[in-house]
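Q: Can you go through this model with me? I have a few quick questions.

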Amino acid sequence: MKIIGHQKQIDMLNSAIEKNRVHSAYLFVGQSGIGKKQVALKFAQMLNCQNLQDFKKPCGECLSCKKIEKSTHPDVITITVQEEKNSIAIEQIREMIKGLQFRAVMGGYNIRIIDNAHLMRVDAANSLLKILEEPPENTVIVLITPVPKSLPSTIISRCAVIYFGILSDEEIKNEIRKYNLPSDEVEFINSTAAGSLGCAIELAKNIENISDYKNIISDFQNGKFLNKKFKERKEAVDLLNMLAARVRVEKPEKLEYVLKMKNYITRNANIGLTFEVMKNNLKQKNEFAE
Ligand SMILES: [Zn+2]
């Protein structure tokens with residue numbers, strides 16, 4: 001499992017294991033697409049690695065490490081929004097809790113990763129709270145979110161919170177150069193991705209879409225893009241991420257506004273409505289108009 005950056009966070013988790021001070025619940029906070037889930041899986045490997053000789057865990061070679069890498073480990077399960085749904089349902093959390101009543105099949109820790117934890121419905125979050133209050137032995141639950149404010153404070157207070165920073169320009173560019181792109185495209189992708197490797201790789205893989213993205217950004221700057229129809233929430237969030245990256249460089253005073261809109265959409269606000277509000281707001285204040 002290859003992870004770019006975040007060495008400080010990985011060292012922190014490693015030292016918790018070495019000192020026998022592993023918490024039963026963690027909250028990983030940081031922008032989308034920077035590799036928080038990868039770190040959670042590596043943490044799971046570190047916790048459940050079966051290689052007794054190897055000083056530096058995870059070994060990446062034992063059965064447990066390999067199963068986690070292939071997402072087939074019976075004791076390491078990721079919970080997230082199911083396809084065609086827009087929230088994590090209480091049934092998913094109930095099922096998770098039921099599974100945690102049994103010992104780990106392979107003898108290590110029972111690990112559950114709740115990705116996009118802010119998308120838990122209130123009843124699901126309440127149900128989760130109960131198990132956070134009385135966690136079974138050898139259980140580690142990792143919650144992942146870019147917007148911790150959307151989680152109930154009762155949940156946050158039960159978790160060890162670990163913050164993840166964005167990746168550096170060099171970390172991003174080194175990865176993107178592997179796609180053999182011309183250097184101005186590498187620069188464009190880097191500035192657009194704003195520290196999100198996930199976003200950068202997405203752009204590099206779909207190089208033919210780059211001109212579309214460039215058009216979207218210039219349309220936005222000309223106040224045109226707001227009529228665009230979004231098929232998926234992710235598409236709208238991606239666009240606002242790119243926009244935020246541009247605005248951060250070109251008009252930092254507008255950044256807060258764009259991030260606020262992005263948060264609304266991440267938190268499941270109606271996309272059309274949010275963009276309508278944004279459009280009216282932009283018209284009144286003539287925001288972003290060149
Ligand atoms: Zn191992």
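Q: Where does N138 sit?
A: This is a predicted model. In it, N138 lies in the loop between α5 and β4, the latter spanning 139–145.

Q: What is phi there?
A: The phi of N138 is near 50°, a positive value in a residue other than glycine.

Q: Why flag a positive value?
A: Because most residues other than glycine have a negative phi.

Q: Is N138 buried, exposed or partly exposed?
A: N138 is partly exposed, since 17 other C-beta atoms lie within 10 Å.

Q: What about N20, where is that one?
A: N20 is in the loop between α1 (7–18) and β1 (25–29). Its phi is also positive, near 60°, and N20 is not a glycine either.

Q: And N20, buried or exposed?
A: Exposed: N20 has 6 other C-beta atoms within 10 Å.

Q: Back to α5. How many residues, and what does it span?
A: Helix α5 has twelve residues. From first C-alpha to last it reaches 17 Å, close to the 16 Å expected at 1.5 Å a residue.

Q: Which residues of α5 are buried?
A: A124, A125, L128 and I131 are the buried residues of α5. They cover an arc of only 115° around the axis, so they are on the same side of α5.

Q: Which ones are exposed on the other side?
A: On the other side of α5, the exposed residues are V122, K130 and E133.

Q: What covers the buried residues of α5?
A: The cover includes α4 and α6, with α6 running over 153–156.

Q: At what angle do α4 and α5 pack?
A: Helix α4 (residues 90–99) and helix α5 (residues 122–133) pack at about 15°, with their axes 8 Å apart. The two are therefore roughly parallel to each other.

Q: Left-handed or right-handed crossing?
A: Left-handed, for α4 passing α5.

Q: Which residues meet there?
A: From α4, I90, Q92, I93, R94 and I97. From α5, they meet D123, A124, S127, L128 and I131. Of these, A124, L128 and I131 are among the buried residues of α5.

Q: Switching to the start of the chain. How do α1 and α2 cross?
A: The axes of α1 and helix α2 (residues 36–48) come within 11 Å and cross at roughly 25°. That makes α1 roughly parallel to α2. The crossing is right-handed. Q9, I10, L13, N14 and I17 of α1 make the contact with V39, K42, F43, M46 and L47 of α2.

Q: What about α12, how long is that?
A: Helix α12 covers residues 255–266, which is twelve residues. The helix reaches 16 Å from its first C-alpha to its last, close to the 16 Å expected at 1.5 Å a residue.

Q: Which residues of α12 are buried?
A: V258, M261, K262, I265 and T266. They cover an arc of only 140° around the axis, which puts them on the same side of α12. On the other side, E256 and K260 are exposed.

Q: What follows α12?
A: N268, whose phi is positive, near 80°.

Q: What is buried in α9?
A: In helix α9 (residues 197–205), the buried residues are L197, C199, A200, L203 and A204. Seen down the axis of α9, they fall within an arc of 160°, so they line one face of the helix.

Q: And S183, which helix is that in?
A: S183 is in helix α8, which runs over residues 183–193. S183 is exposed, with 9 other C-beta atoms within 10 Å.

Q: How far apart are S183 and K173?
A: They are ten residues apart in sequence and 9.6 Å apart in space, C-alpha to C-alpha.

Q: Last topic, the chain overall. How many helices and strands?
A: The protein chain has 13 helices and five strands. Buried residues account for 34% of its 290 residues.

Q: What share of the contacts joins residues at least 24 apart?
A: Among contacts between residues at least 6 apart in sequence, 72% join residues at least 24 apart.

Notes. Residues are numbered from 1 along each chain as its sequence is written. This is a predicted model: local features need pLDDT of at least 70, side-chain atom pairs count only at pLDDT 80 or more; totals for chains, interfaces and linings use all residues. Helices (H or I, at least four residues) and strands (E, at least two) are DSSP runs, numbered from the N terminus. The expected span of a helix is 1.5 Å times one less than its number of residues. A residue is buried if 20 or more other C-beta atoms lie within 10 Å of its own, exposed if 12 or fewer, and partly exposed in between; C-beta atoms are placed from the backbone. The arc is that of the directions from the helix axis to the C-beta atoms. Axes are lines fitted to C-alpha atoms, for helices over the stretch in contact, and angles run from 0 to 180 degrees between N-to-C directions. Angles under 35 degrees count as roughly parallel, over 145 as roughly antiparallel, 65 to 115 as roughly perpendicular and the rest as oblique. A crossing is left-handed if the near helix is turned anticlockwise from the far one by less than a right angle, and right-handed if clockwise. Two residues are in contact if their C-beta atoms, placed from the backbone, lie within 7 Å.
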